[in-house]
Amino acid sequence: MILHHILVAHTGILHLTFIWTLSLSTTWKQGKWTEVPYVQAFMALNQDPDLRASCKMCLTTNQPPRRREPEELGASEVLLQPGRLELGDVEEDQVVAVFVVTFDPRSGNMVEWCLPQDIDLEGVEFKSMASGSHKIQSDFIYFRKGPFFGLACFANMPVESELERGARMKSVGILSPSYTLLYRYMHFLENQVRHQLETPGHYSHLAAFYEDKKGVLHAGLGRGSSLPPVYWLPSIHRYMYPEMKITHPAGCMSQFIKFFGEQIIILWKFALLRKRILIFSPPPVGVVCYRVYCCCCLANVSLPGIGGTVPESKPFFYVNVADIESLEVEVSYVACTTEKIFEEKRELYDVYVDNQNVKTHHDHLQPLLKINSADREKYRRLNEQRQMLLYSQEVEEEYNPCEEDLFVLFFLEQNNRIFQTLLEVSASQDKTLTAEHARGMGLDPQGDRSFLMDLLEAYGIDVMLVIDNPCCP
């Protein structure tokens, strides 16, 4: 019976969303232990690309992937088209630049060395060494540079040198067309920045690395060239979100939930509305870059026909004052900064996050800052599912789905439920959205009225909202 709900007739497609829900259902809620092996088999397929290939199966969300040639099926990561969860082209593991940035006591931040020598790295000297880094010993930074994404590892070493004012600071980084594979080189970059601090001017290891990993740039991507289109949104766990490893043993999603608590639901609403979200934090900035990533994961939608009218949700990661000009023209992004001056530049953002304080200067967005009963229920369910996950990991050691899967799929299901309801109402004769519809979407008819109105406007969905404001006694 369970398999009937997983398999889509005549397609041979296995829906990972359903499998995950069924896994928790069979082992926890319903006690259907005899059906657990079937669910575990599907989860094993998701976690092992070689096993998938041998079984000739494809795991997806709701959309069947495009037909691909046999030689294309070896990669485990895929890119998504901006704003929607659809399988796109296979992501290439390539590095388009490697560089060393140093802090010179007389000249400030500067690019000390790079390959290729003709690539435009203007501004990278500030992106890869965050403002305030002199106060910390080490850090890692994700950032955007034109059509590319960067990862740099920073280190600060005390030296007995008056010329260097007692400290030597450097960053070693790379640029790539996508950020989802940058984590693979974190350890290498950490070792290389330490090497550069201890033996400055020796670049042979970096040069060999670049020759081994370099990608082929399109013609004209040197200085002053036009930029190719960029794919922004990640996939989820090999197919639906990027494998971004961090220093926290519990994972970035777990840290994100613990750090923001119920405020996650507020961030979810702003992310779904594609607002400009700027997160402030003093160094180190590495963990804050993952908060940017987590915010972007809140807004995933896998239904066809959703997202075409809204701007892309762009993870800019770390930004500084040198990015002000580019941020001025963006209508949607998520970014982080260590520079407090940004708080005064209200024209650059819609939502400002300072520590755990989420705030907005727009009057019409103020109602979204209030936690309502439906928000608390969503947060309660999220924590309940996290506990169920921990239980399943204790009971069955071999079956080990990660918390990132749960987090992303939880909000994916919530978003799909909202938009499925809105699409059904918009296709009906009277196009009337009632309080019952709102409750069915997991929203508070009164507390989320403003959010619903903004959502309908942002996505261009034609329905009539008949949820009245409560009357004053």
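Where is Pro116 found? Pro116 sits in the loop between strand E6 (108–115) and helix H5 (124–127), where helices (H or I, at least four residues) and strands (E, at least two) are DSSP runs, numbered from the N terminus.

## About the model

This is a predicted model, in which local features need pLDDT of at least 70 and side-chain atom pairs count only at pLDDT 80 or more, while totals for chains, interfaces and linings use all residues. Residues are numbered from 1 along each chain as its sequence is written, and side-chain values use heavy atoms, with hydrogens and water left out.

## The protein as a whole

The secondary structure comes to 15 helices and 16 strands. Of the 473 residues, 55% count as buried, a word that stands for a relative accessible area under 20%, with exposed meaning over 50% and partly exposed in between (1.4 Å probe, protein chains only).

Among contacts with a separation of 6 or more, 66% come from residues 24 or more positions apart, and contact here means heavy atoms within 4.5 Å. The accessible surface comes to about 21500 Å², of which 52% belongs to carbon and sulfur atoms; such areas come from the Shrake-Rupley method with a 1.4 Å probe, and for residues only the protein chains shown count as cover.

## Cis peptide bonds

Pro116 is joined to Leu115 by a cis peptide bond, with omega about -5°. A cis peptide bond also joins Pro283 and Pro284, with omega about 5°, and Pro284 has its place in the loop between strand E10 (276–280) and helix H10 (286–297).

## Positive phi angles

Phe317 is not a glycine, although its phi is positive, at about 60°. This residue lies in strand E11 (residues 315–318) and is buried, with a relative accessible area of 0%.

Asn355, also a residue other than glycine, has a positive phi near 60°. Asn355 belongs to the loop between strand E13 (351–354) and strand E14 (357–359), and with a relative accessible area of 43% it is partly exposed.

## Where H8 meets H10

The axes of helix H8 (residues 252–260) and H10 come within 10 Å and cross at roughly 90°; axes are lines fitted to C-alpha atoms, for helices over the stretch in contact, and angles run from 0 to 180 degrees between N-to-C directions. The two helices H8 and H10 are therefore roughly perpendicular to each other, since angles of 65 to 115 degrees count as roughly perpendicular, under 35 as roughly parallel, over 145 as roughly antiparallel and the rest as oblique.

In this contact, Cys252, Met253, Phe256, Phe259 and Phe260 in H8 meet Tyr290, Arg291, Tyr293, Cys294, Cys295 and Cys297 in H10. These residues divide into 10 nonpolar, no polar and one charged, where Ala, Val, Leu, Ile, Met, Phe, Trp, Tyr, Cys and Pro count as nonpolar, Asp, Glu, Lys and Arg as charged, and the others, Gly among them, as polar.
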